[in-house]
Amino acid sequence: NVMSVATSGEINYPLQPAFVAYKSSTTNNVTGAGTTYQYICDTEVFDQNGDYNNATGAFAAPVTGRYQLQTMIRVTGCTICNGGNGYITTSNRTYLATFARAAGAQDFFSMNVQLADFDAADTATVSIQAAGEAGDTDDVVGSATIQTCWSGHLVC
């Protein structure tokens with residue numbers, strides 16, 4: 001079935017591209033001195049159309065369209081940093097969001113791209129860059145309680 005309609009009126013498109021994945025374990029000392037770290041959410045909650053690669057962290061659009069993308073990341077290990085940047089990088093452009101942090105904070109950072117344009121086979125990945133440390137001391141937290149995740153779906 002490419003579409004199903006319930007008698008109550010709900011419409012479901014079971015082949016519509018959609019995914020949610022999370023990082024299952026923490027990676028230590030990956031950013032802090034301005035290093036950009038592409039984090040990989042290696043465990044899929046679901047991947048409705050098989051378009052997310054949990055080994056590379058890349059989503060590949062199966063069809064041309066508009067996709068909504070979002071990510072959340074938890075960073076710990078900050079000693080003196082004051083913030084950084086989060087990136088959702090697609091084949092067509094990079095979306096940037098800046099965040100602020102207090103030293104010693106264990107922060108969650110979330111980022112949404114309301115609609116990103118994709119051509120068929122375009123890809124998207126997520127990364128973070130924290131600044132202000134003397135070295136890369138910040139950790140990207142992963143666990144089964146879903147603290148760092150990445151998701152997206154075709155809207156139209």
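How many helices and how many strands does the chain have? It has zero helices and 15 strands. Both are DSSP runs numbered from the N terminus, with helices being H or I of at least four residues and strands E of at least two. The model is predicted, so local features need pLDDT of at least 70 and side-chain atom pairs count only at pLDDT 80 or more, while totals for chains, interfaces and linings use all residues. Residues are numbered from 1 along each chain as its sequence is written, and side-chain values use heavy atoms, with hydrogens and water left out.

Start with the whole chain. Its C-alpha atoms fill a box of roughly 55 × 30 × 25 Å along the principal axes. Of its 156 residues, 43% are buried, meaning under 20% relative accessible area with a 1.4 Å probe, protein chains only. Contacts are heavy atoms within 4.5 Å. Among those with a separation of 6 or more, 74% join residues 24 or more positions apart.

Now the interior. In soluble globular proteins, nonpolar side chains tend to be buried together. Here the largest nonpolar core has 27 residues. Such a core is a set of buried Ala, Val, Leu, Ile, Met, Phe, Trp, Tyr and Cys residues joined through side-chain atoms within 4.5 Å. Tyr39, Phe59, Leu69, Ile88, Phe118, Ile128 and Trp150 have the most contacts inside it. Elements giving two or more residues include β3 (18-22), β9 (65-76) and β15 (149-154). β12 gives the most, with five.

Next, the rings. The whole structure holds seven aromatic pairs. Rings of Phe, Tyr and Trp (its six-membered ring) pair if their centres lie within 6.5 Å. Phe59 and Phe118 pair edge-to-face (planes over 60 degrees apart), at 6.0 Å centre to centre and 80° between the planes. This pair links distant parts of the chain: Phe59 lies in strand β8 (residues 58-60) and Phe118 in strand β12 (residues 107-118), 59 residues apart. Both Phe59 and Phe118 are buried. Ring pairs link Phe19, Tyr52, Phe59, Tyr67, Phe118 and Trp150 into a cluster. Leaving out residues up to four places away in sequence, Phe59 also touches Asp51, Asp122, Thr123 and Ala124, among others.

Finally, why does Cys41 count as buried? Cys41 counts as buried because its relative accessibility is 0%. Cys41 sits in the loop between β5 (36-38) and β6 (43-47). Beyond four places in sequence, Cys41 touches residues including Tyr22, Tyr52, Cys149 and Trp150.

Note on methods. Buried < 20%, exposed > 50% of the residue type's maximum accessible area, 1.4 Å probe, protein only. Phe/Tyr/Trp six-rings, centres within 6.5 Å; stacked < 30°, edge-to-face > 60°.
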